[in-house]
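Q: I have a protein model open and I am new to this. Could you show me how to read its features one at a time?

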Amino acid sequence: MAADPGPVTLEHAGREFRRVGDTGWYMTVCWWAGPGHVVRVRDEPQWHTVRIQVSRGDVSGSGHALRTEADQDLIEEDVNGFLAEAGIPARPRGYVWFLASPPVGSWASLWRVIADNERAIPFRAPAAGETSVAIESAVRRLYNVG
């Protein structure tokens, strides 16, 4: 099943915004960047598919299907659980999120500084709050916020 992937970038107020992933990590980046650097648009169900695996006896196959409400419930639970652990409010349901490029540096520098900050965390599997601190530091530096 082919889905219309929806917009990957959009223009708003003379700036280009890139779509970010449906994860608590990306939503943490958006939270720290703040509303001046984030745009959300209504989500459309046809923009999303899930990979399915079917097995019957010795025969198996895979394909794609449109994301269901149950699939979305799992995503929302995961994203908002991460945000809650990080002390960040839950995101509203029903949107896709877009982030403007950082005014200082580039997309590559944003991801690099966040990765460097995360590598400095002394734990192999840091808690959401520790990850949030690493993201906050990078975003404040490259977006001139706070």
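Q: Let's start with pockets. How much space lies in the largest pocket?
A: Rolling a probe the size of a water molecule over the atoms shows where empty space is left. In this predicted model, the largest pocket holds about 260 Å³ of space.

Q: Which residues are closest to the centre of that pocket?
A: Met27, Cys30, Trp31, Pro92 and Trp97 are the closest to the centre. They belong to a lining of 14 residues.

Q: Which elements give two or more residues to this lining?
A: Helix α1 (24-33) and strand β3 (38-42) do. The largest share comes from α1, with 3 residues.

Q: What classes of residue make up the lining of the largest pocket?
A: Count them by class. There are 11 nonpolar residues, 1 polar residue and 2 charged residues.

Q: How much space lies in the second largest pocket, and which residues line it?
A: The space there is about 200 Å³. On the lining you find Asp43, Glu44, Pro45, His48, Arg67, Thr68, Glu69, Gln72, Glu76, Arg93 and Gly94.

Q: Now rings. How many aromatic pairs are there?
A: The count comes to 5 aromatic pairs. Take Trp25 and Tyr26 as a worked case. Their ring centres lie 5.0 Å apart and their planes stand at 90°, so this pair is edge-to-face. The reasoning needs one cut-off: planes over 60 degrees apart count as edge-to-face.

Q: Which ring does Tyr26 also pair with, next to Trp25?
A: Tyr26 also pairs with Trp111. Their centres are 6.0 Å apart, with 90° between the planes, and this pair is edge-to-face too.

Q: How far apart in sequence are the parts that the pair of Tyr26 and Trp111 ties together?
A: Look at the elements. Tyr26 lies in helix α1, while Trp111 lies in helix α3 (residues 107-119), so the pair ties together parts that are 85 residues apart in sequence.

Q: Which residues form the aromatic cluster?
A: Trp25, Tyr26, Trp107 and Trp111 form one cluster.

Q: How do I read the accessibility of Trp25, Tyr26 and Trp111?
A: Trp25 has 23%, so it is partly exposed. Tyr26 has 28%, so it is partly exposed. Trp111 has 29%, so it is partly exposed as well.

Q: On to the core. How many residues does the largest nonpolar core have, and which have the most contacts inside it?
A: This core has 23 residues. Met27, Trp97, Leu99, Leu110, Val139 and Tyr143 have the most contacts inside it. Met27 and Trp97 are also among the residues closest to the centre of the largest pocket.

Q: Which elements supply this core, and which gives the most?
A: At least two residues each come from α1, α2 (69-85), β6 (95-100), α3 and α4 (128-143). Helix α4 gives the most, with 6 residues.

Q: How do I read the separation of Arg56 and Ile135?
A: Arg56 and Ile135 are 79 residues apart along the chain, and their C-alpha atoms are separated by 45 Å. Arg56 lies in strand β4 (residues 49-56). Its relative accessible area is 67%, so Arg56 is exposed.

Q: Last one, backbone angles. What is phi of Ala13, and where is Ala13 found?
A: Most residues other than glycine have a negative phi, and most peptide bonds are trans. Phi of Ala13 is near 50°, a positive value. Ala13 is found in the loop between β1 (9-12) and β2 (15-19). With 68% relative accessible area, Ala13 is exposed.

Q: What about phi of Asn144?
A: Phi of Asn144 is near 55°, again a positive value in a residue other than glycine. Asn144 lies in the segment after α4. Its relative accessibility is 57%, so Asn144 counts as exposed.

Key:
Residues numbered from 1 in each chain as written. Predicted model: local features only at pLDDT ≥ 70, side-chain atom pairs only at ≥ 80, totals over all residues. Heavy atoms only, no water. 1 Å grid on protein atoms, 1.4 Å probe; cavity = no way out; pocket = protein on both sides within 12 Å on 5 of 7 lines; lining within 4 Å. Points joined across faces, edges and corners; volume = space filled by probe spheres on them. Helix = DSSP H or I, 4+ residues; strand = E, 2+ residues; numbered from the N terminus. Nonpolar A, V, L, I, M, F, W, Y, C, P; charged D, E, K, R; others polar. Phe/Tyr/Trp six-rings, centres within 6.5 Å; stacked < 30°, edge-to-face > 60°. Buried < 20%, exposed > 50% of the residue type's maximum accessible area, 1.4 Å probe, protein only. Core = buried A, V, L, I, M, F, W, Y, C linked by side-chain atoms within 4.5 Å.
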